[in-house]
Amino acid sequence: TIYKFFLKIISMKKKLFSAMGLMSGTSMDGVDVSIIKSDGYDEVELIFDQYFEYDIDLYRQLSTLRDKIKSSEDLTKYSKELSDLERALTIFHAEKISKIALKNEIEIDLIGFHGQTIFHNPQIKITKQLGDGNLLSQLLKKQVIYDFRQADIDNNGQGAPLTPIYHRLLVNNFLNKEKDNSAQPICIVNIGGISNATIVNDISNNIENDLIAYDIGPGNCLIDEWIRNNSNLTFDEDGKIAKSGKIDQLILNQAIDNFKIETYSKSLDVKEFDISFARGLSLEDGCSTITEFTAYLIAEGIKFLNKNNSNKYLFCGGGRKNKFLIESIIRNSNLNKNNFDMIDNFQLNGDYIESQAFAYLAIRSKLNLPISFPSTTRCNAPVIGGKLVNNY
């Protein structure tokens, strides 16, 4: 009987699930969609990745409403707008997923639905992502796992970052296969709206011993906001605008003196930063100065991480495409350029790491496995996050 019990456990562990991950980041410009196959433990196969841009009306509604939500009271004050926009956002996701399913005939076991973060404050234990898991399940006739962050916050965690357990999987399956990486800790630096970093030490059986993660600074959020407010563009493609400008050193130094990240043990939100210090500068000079400020803060986070002897840094996320930003980060870090690389150089697509991660997190949630840990979100104990709904 005991033998049969262990055989059952092994067979359960070996079962591969086909999962879709949906991630819409703080830039609010669209949704990344990924499909992976995984056992929820240490196996992964990357199947499909695609990006769908929000239409201009949906984008404006999201950005306008997020700007209105400055406190938990505003969640109540604008509850009708939030509800209507959540429905529209969910339907957008459903329509795009339906097209993928029809075109590719890929069978999906479950969907990890992150939703669009509209408010995040772990100190008052509230995080709000727009996305109706019940409606998505009903429309697509699939099991959906959503609301990934709240359980972690309820257990005194920061609710972020949640991707480190997937970063660990990638290191084990892709990155450690390279000879020059196998003997050193790897740090994956994701530059989205906010920048977070995961240190993966030598892979062991104990996740707590080999996985450390922090939010380390702003990412694209300040640069994108400056570009949106001062031009008809939404971001600085390849960092070309920043490169064409001139850093205002006086304003930059004042901004650095006036803003400090006191501790890396807390998650960061885009609303903790602002671009008022660049007021009065030209589009190009403001972009250059804000980009350098962003790079300085990320580099300070990397210096903090380097105390843990993590000496191979791999960039992913949209911010890795901003050449001016990446060059500034490396320069401000005071580390050798050879310490840095793009995750894309290891058979991976740096645009879709987070959407793949939420597919993986959905599988782990389905299997009642933890998705966050004291060493990643500062929660009291490993947390099984996400809510599963089967509404069809």
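**Aromatic pairs and cysteines in the predicted model**

Phe259, Phe273, Phe277 and Phe293 form one aromatic cluster, where rings of Phe, Tyr and Trp (its six-membered ring) pair if their centres lie within 6.5 Å, with planes under 30 degrees apart counted as stacked, over 60 as edge-to-face and the rest as tilted. The model is predicted, so that local features need pLDDT of at least 70 and side-chain atom pairs count only at pLDDT 80 or more, while totals for chains, interfaces and linings use all residues. Residues are numbered from 1 along each chain as its sequence is written, and side-chain values use heavy atoms, with hydrogens and water left out.

Across the whole structure, 10 aromatic pairs are found. The rings of tyrosine 54 and phenylalanine 92 are edge-to-face, because their centres lie 5.2 Å apart and their planes stand at 75°. Tyrosine 54 is in the loop between strand E3 (44-53) and helix H2 (56-68), and phenylalanine 92 is in helix H4 (residues 79-104), so the pair ties together parts 38 residues apart in sequence; helices (H or I, at least four residues) and strands (E, at least two) are DSSP runs numbered from the N terminus. Tyrosine 54 is buried at a relative accessible area of 4%, and phenylalanine 92 is buried at 7%, where buried means under 20%, exposed over 50% and partly exposed in between (1.4 Å probe, protein chains only). Phenylalanine 315 and phenylalanine 340 form a stacked pair, 5.7 Å centre to centre with 5° between the planes, and both residues are buried.

A search for disulfides (cysteine sulfur atoms within 2.5 Å) finds 0 in the whole structure. For cysteine 287, the nearest cysteine sulfur, that of cysteine 221, is 13 Å away.
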